[in-house]
Amino acid sequence: MPSTPCCGGERQWLPLDPPRSSHATIGGIIATNDSGPRRHRYGTPRDLIIGIEIALVSGRTAKAGGRVVKNVAGYDLSKLLCGSLGSLAVITSATFKLSPVAPHSQTVVATVASIRQLGDLALDVAAAPVAPTAIELQSPPLCLLIRFETTEQAARRQTELVSAICVKHGATCSVVSERAEADAWRAHEGRIFGADGTILKVAVLPTDVADVLERISAVAAERAVEYEVIGRAALGIILLRISGDLSVQSAIVTELRLEATARGGSAVLLSAPAALQHDVGRWGPATDAAPLMRAVKQQFDPQNTLNPGVGAWES
């Protein structure tokens, strides 16, 4: 089933925009709990799903939730399956909360001179009385993309307010819409997912984003490695793409993983050569939740038939 959301006559849609969405399926998006820039406003599949039907490894089928938001009886199986990577069951059907299709969209593009400026600006925009659907960072060059999807009048008012905040932080601003806006967001995704290389997802507190970006810049400079970064600036999600010698990549991933875990975060390989995954591991060190996840896996799939290589349940 294609992942492209449809609005139909009711002007409703599913506001999920994971990378490479034209090649994704709804089941795959749920299994990975994947999301994109609009996560800032709408969340992940786990936040939007309200019902699910699955096929168990035994051949039996099960369902949970329903077609209304207030159906909350029993365990929340729908959310458990989000991010399970196909290791518990096969997803056959899902029901989501939908959102109205916005009549207008425009994006503020703010360019700054330093990483610290970028981090401070993102936090100030997130705290402002506005409702952007995305606050995205990119580097290099250092840039913030702030998207508003609402009525044209509301978008313009919020754009003016955010532009004033950007100027206060010494940023250079422009506003794009229609074709130029679509091109800007396509290029933004392509920075990470439009080229070959290892992709590392770092998750930290939003207040730590600037520090982690500075660490990425320093580590890449030390090893003379070119890199691209995008991310959910106000949510603490950073996506890094690097390439080159695998031993250098291994050292960079190891250093950044230590940096993230020291801050209470994580660093997960989304895409990497098999040799690099074997060297540093896809997930990093096991957490205190590993025994619980293995117990859940044992209940759903005692013979370890479904996706047996998922690292979250490895010893």
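This is a predicted model: local features need pLDDT of at least 70, side-chain atom pairs count only at pLDDT 80 or more; totals for chains, interfaces and linings use all residues.
Elsewhere, helix 5 and helix 6 pack with their axes 10 Å apart.

- Strands of a sheet pair through backbone hydrogen bonds, in either a parallel or an antiparallel arrangement.
- Strand 2 covers residues 49-55 and runs antiparallel to strand 4. The two are joined by 6 bridges.
- Within this part of the sheet, Gly51 stands opposite Thr95 of strand 4.

**Helix pair**

- Two packed helices are described by the angle between their axes and the distance between the axes.
- Helix 5 spans residues 115-127, and helix 6 spans residues 152-168. They pack at an angle of about 150°.
- Angles over 145 degrees count as roughly antiparallel. Helix 5 and helix 6 are therefore roughly antiparallel to each other.
- The crossing of helix 5 past helix 6 is right-handed.

**Helix contact**

- Helix 5 contributes Leu121, Asp124 and Val125 to the contact.
- Helix 6 contributes Val162, Ile165 and Cys166.
- By class, 5 residues of the contact between helix 5 and helix 6 are nonpolar and 1 is charged. No polar residues take part in this contact.

Conventions:
Residues are numbered from 1 along each chain as its sequence is written. Side-chain values use heavy atoms; hydrogens and water are left out. Two strands pair if DSSP finds at least two bridges between them. Helices (H or I, at least four residues) and strands (E, at least two) are DSSP runs, numbered from the N terminus. Axes are lines fitted to C-alpha atoms, for helices over the stretch in contact, and angles run from 0 to 180 degrees between N-to-C directions. Angles under 35 degrees count as roughly parallel, over 145 as roughly antiparallel, 65 to 115 as roughly perpendicular and the rest as oblique. A crossing is left-handed if the near helix is turned anticlockwise from the far one by less than a right angle, and right-handed if clockwise. Contact means heavy atoms within 4.5 Å. Ala, Val, Leu, Ile, Met, Phe, Trp, Tyr, Cys and Pro count as nonpolar, Asp, Glu, Lys and Arg as charged, and the others, Gly among them, as polar.
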